[in-house]
Amino acid sequence: MHTQKADILAQRPRRPGLTRRLAVCLLILALPAITVVTAFGIAPGTIAADLHQATVRESITLPDFKPVSAPTPYFTTQERVLRGDTVAALFERLGVSDARAMEFLRADATGRAIFRQLVPGRMMQAETGPAGELISLRYFLSPSSLMEVARAADGFTARSRAVAEPPRLFYRTATIRSSLFAATDAAGIPDAIAIQIARVFATDIDFHTELRRGDRMAVVYEMIYDSGELVAAGRILAAEFVNDGRIYHAVLFTDDEGGDGYYSLDGSNRAKAFLRSPVEFSRVSSGFGGRFHPIFRNWRAHTGVDFAAPRGTRVIAAADGTVVSAGGRGGYGNAVEIRHGGSITTLYAHLSGFAKGIRAGARVRQGEPIGYVGATGYATGPHLHYEFKISGMHQDPMRVALPKAEPVPARLKDDFMQAAAQARATNSRVASAPPARFE
Ligand SMILES: [Zn+2]
């Protein structure tokens, strides 16, 4: 089954970090027990770090594209369209930084369709060169129609064509022994699906720190084939994750307006107002696992939680909101503050830089990148300092109870319960099968 694995998710090249300052975080000095670099304390049963720090690059089989023959490294990423997304925001998340490509798409009769047909949940896949230049782009204009943009010698070309094959379904189980990616690799689950698993369960589980050896997952997902060749990973249809003895379920349900969402088996929305961790989960950040544990202790004295992560790791908005400020802020260094509903504000400090478009007044969506981990201001090393305030009062973001998103609407409850029963049956079949069957 490993021949099926042909997915990709390369960490984009690191941002050039600002010169590391020798400033020392006074707060941290005052509380030596919580210094980031000495935080080796691991909760019993927590996974020890297994450091994959090398640049991650697996190539996908790209049937039709022979873009450039040079041996330069390409980075292939895929992202789903979010509610209210723009092509510019998608490009930013995909690591595409190419004004000429954007101009081409605006001007080209075929390429232009991308601006009109950004449907939440649809997938966009990009291949970029080392400087973020676009090499190729795929976007599903509809579930059966694929637009392809390719860099040619004298500019770009765009075409759209039908994808006749329905997605193929895959069923996999995996058990965590050292890290999520070690488990998904062993089970033949593509990286793009592993990342989706981390996103789907991100409001309940912080995949950086809360995985335990022996955690299990069962997942049903789509893979999209064209003329018999794998083109892309599709959606997760159903998943079950057992973390530290607690079982979480996710079922994909499409409402009558065509919007995809993940729900628990009882119809409650998996999306919650806030993510468990504002640091993007990736192969690179996951490698820092237990060794660079976030600091929970003394948050009250410290007024925040520190998340250690490699410089350049993407920092993401914990919830939907509006940027109050983004800029230099004394000991905080480069910092972003976001106002959310319910008089909640969050602050993200010591950033090496800001994501494109992040400035006062900008709207951000949950999970959207807002900046990059750094060590600006009073910081001993790269980490994210995260604060959470309700009506201006600091709260412990790891403990505060937060509202849930809307459940399945009553009119669709019957449809949903059917889908959920099916997902439960499938998951238990998959979960009870011997793992060898899937390898
Ligand atoms: Zn801090």
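Visitor: Which residue takes a positive phi in the hairpin of E2 and E3?

Guide: Gly132 does, with a phi near 85°. The hairpin has five residues between the strands. Keep in mind that this is a predicted model.

Visitor: How many bridges hold E2 and E3 together, and in which sense do the strands pair?

Guide: Five bridges join E2 to strand E3 (residues 134-142), and the pairing is antiparallel.

Visitor: How should I read the two faces of a strand?

Guide: Side chains in a regular strand alternate between the two faces of the sheet. In E2, Met123, Gln125 and Glu127 are on one side, while Met124, Ala126 and Thr128 are on the other. Both of these faces are covered, and all the residues named are buried.

Visitor: How many residues of strand E2 are buried?

Guide: Six of the six residues in E2 (residues 123-128) are buried, so the strand is mostly covered.

Visitor: And which residues of E1 point each way?

Guide: Phe75, Thr77 and Glu79 point one way from E1, and Thr76, Gln78 and Arg80 point the other way. All of them are buried.

Visitor: Why is E1 described as largely enclosed?

Guide: Because six of the six residues of E1 are buried, the strand is largely enclosed by the rest of the structure.

Visitor: Where does Val149 sit, and is it buried or exposed?

Guide: Val149 belongs to strand E4 (residues 145-152). Val149 is buried, with a relative accessible area of 1%.

Visitor: Where is Ile176, and how far is it from Arg212 in space?

Guide: Ile176 is in the loop between strand E6 (168-175) and helix H5 (180-187). From C-alpha to C-alpha, Ile176 and Arg212 are 7.1 Å apart, with a sequence separation of 36 residues. The relative accessible area of Ile176 is 0%, which means that Ile176 is buried.

Visitor: Let us turn to the helices. At what angle do the axes of H5 and H6 cross?

Guide: They cross at roughly 135° and come within 10 Å. That makes H5 oblique to H6. The crossing of H5 past H6 is right-handed.

Visitor: Which residues meet where H5 and H6 are in contact?

Guide: From H5 there are Leu180, Phe181, Thr184 and Asp185; from H6 there are Asp191, Ala194, Ile195 and Ala198. By class, the residues of this contact divide into five nonpolar, one polar and two charged.

Visitor: Why is H6 said to be largely enclosed?

Guide: Nine of the 10 residues of helix H6 (residues 191-200) are buried, so the rest of the structure largely encloses the helix. The buried residues are Asp191, Ala192, Ile193, Ala194, Ile195, Gln196, Ile197, Ala198 and Val200.

Visitor: How many helices and strands does the chain have, and what share of its residues count as buried?

Guide: The chain has nine helices and 19 strands. Of its 439 residues, 56% count as buried.

Visitor: What share of the contacts comes from residues 24 or more positions apart?

Guide: Such residues account for 68% of the chain's contacts with a separation of 6 or more.

How values were computed: Residues numbered from 1 in each chain as written. Predicted model: local features only at pLDDT ≥ 70, side-chain atom pairs only at ≥ 80, totals over all residues. Heavy atoms only, no water. Helix = DSSP H or I, 4+ residues; strand = E, 2+ residues; numbered from the N terminus. Buried < 20%, exposed > 50% of the residue type's maximum accessible area, 1.4 Å probe, protein only. Pairing = 2+ DSSP bridges. Axes fitted to C-alpha atoms, helices over the stretch in contact; angles between N-to-C directions. Parallel < 35°, antiparallel > 145°, perpendicular 65-115°, else oblique. Left-handed = near helix turned anticlockwise from the far one by under 90°. Contact = heavy atoms within 4.5 Å. Nonpolar A, V, L, I, M, F, W, Y, C, P; charged D, E, K, R; others polar.
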